[in-house]
Amino acid sequence: MKPPLSSSSAVNQIVRKARISTPFIFTLIAFIIFVVILYGHDFACTFSQFDDHHQHLQSLDDSSFNHKPHSNVVMKEKKKKGRREKRLPFAVGKTPESCNIFDGEWVKDREEKPMYEEWECPYIQPQLTCQEHGRLDRDYQNWRWQPHGCNLPKFNATLMLEALRGKRMLFVGDSLNRGQYISLICLLHRLVPEDGKVMEGSFSSLTVFRLKEYNATIEFYWAPFLLESNSDDAVVHRIADRIVRKGSINTHGKNWKGADIVVFNTYLWWMTGLQFKILKGSFKDEEKEIEELSTEDAYRLAMKSMLRWV
């Protein structure tokens, strides 16, 4: 029977078994350096996403304890190590979290060129092609939105196309919102080949710009009051005596279901005077029950209906 090993000899045997040759160590170190150099950028992006996700969760956690009403003014957060920043949708770069992008003004910027020229976009309606109709000045192209106390990151069309992949974006409202809709298409369409895009139903209530490769649509739905009205025809809607039907958000809303992003706009068409006519029944009724509300109250009625639908 062999005598038990002493503690010192046992340690020596373990060290000898764990000893690794010097060439193997150098090979391992060289491989690690190679991987870091080759994939270092990917690792950095991954950790950055984890950090952003952690900050997002932290902000949600903090907000659960804050029940104060939220206004257009974003409260500034005091940070020991600089200001927190956030990414804006479809933009490159970041802007401070305290930046209220809705609080600002239009300023002239002669250094930046327009993001597209009129002649480059075939989707602009003929009555809106200023240069084609003889407008000589170009100053109207040099305006941009400038938030107070911060700057907007630069819009990136490629990033937006990728963000819209597999989604449905819908603009709802009047001709002002249709102008925003067309402008967005003008910003994006140059990156899509001719056989990869199509405009459908330009003279109906629903206009669809289809991006085949991205399995996405950008759409516009004509509803100048959001509620049902006697001005709902997408082509013939110049009616002086405008009437809106109360509680009729679903008349148009059934066509908005399934959209991933909805941009609402209604305001200008309400500005017909101090009073506005509201229909309580149906447009098909022989005897129509109509009441007149102040324009402000009528507009508020539409806003509440829209919010309830959302």
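Predicted model: local features only at pLDDT ≥ 70, side-chain atom pairs only at ≥ 80, totals over all residues.
The chain has 310 residues, and 28% of them count as buried. Its secondary structure consists of six helices and 14 strands. Among contacts with a separation of 6 or more, 63% join residues 24 or more positions apart. The accessible surface is about 21,800 Å², with 57% of that belonging to carbon and sulfur atoms.

In soluble globular proteins, nonpolar side chains tend to be buried together. Here the largest nonpolar core holds 43 residues, and the members touching the most other members are Tyr 181, Leu 188, Leu 211 and Ile 218. Several elements supply at least two residues each, including helix H3 (157-163), strand E7 (168-173), strand E10 (216-222) and helix H6 (295-309). Helix H4 gives the most, with six residues. Leaving out residues up to four places away in sequence, Leu 188 touches Phe 155, Ala 157, Met 160, Leu 161, Leu 164 and Ile 218.

Now the aspartate. Asp 109 sits in the loop between strand E4 (104-108) and strand E5 (143-147). Is Asp 109 buried or exposed? The cut-off for buried is under 20% relative accessible area. Asp 109 has 11% relative accessibility, so it counts as buried.

What does the side chain of Asp 109 make a polar contact with? One partner is the side chain of Arg 144, at 2.7 Å. A polar atom of the Asp 109 side chain also lies 3.4 Å from the backbone nitrogen of Glu 112. Not counting residues up to four places away in sequence, Asp 109 touches Asn 142 and Arg 144.

Conventions:
Residues numbered from 1 in each chain as written. Heavy atoms only, no water. Helix = DSSP H or I, 4+ residues; strand = E, 2+ residues; numbered from the N terminus. Buried < 20%, exposed > 50% of the residue type's maximum accessible area, 1.4 Å probe, protein only. Polar contact = N/O pair within 3.5 Å; in protein donor to acceptor, adjacent residues only side chain to side chain. Contact = heavy atoms within 4.5 Å. Areas by Shrake-Rupley, 256 points an atom, 1.4 Å probe, with all protein chains shown as cover. Core = buried A, V, L, I, M, F, W, Y, C linked by side-chain atoms within 4.5 Å.
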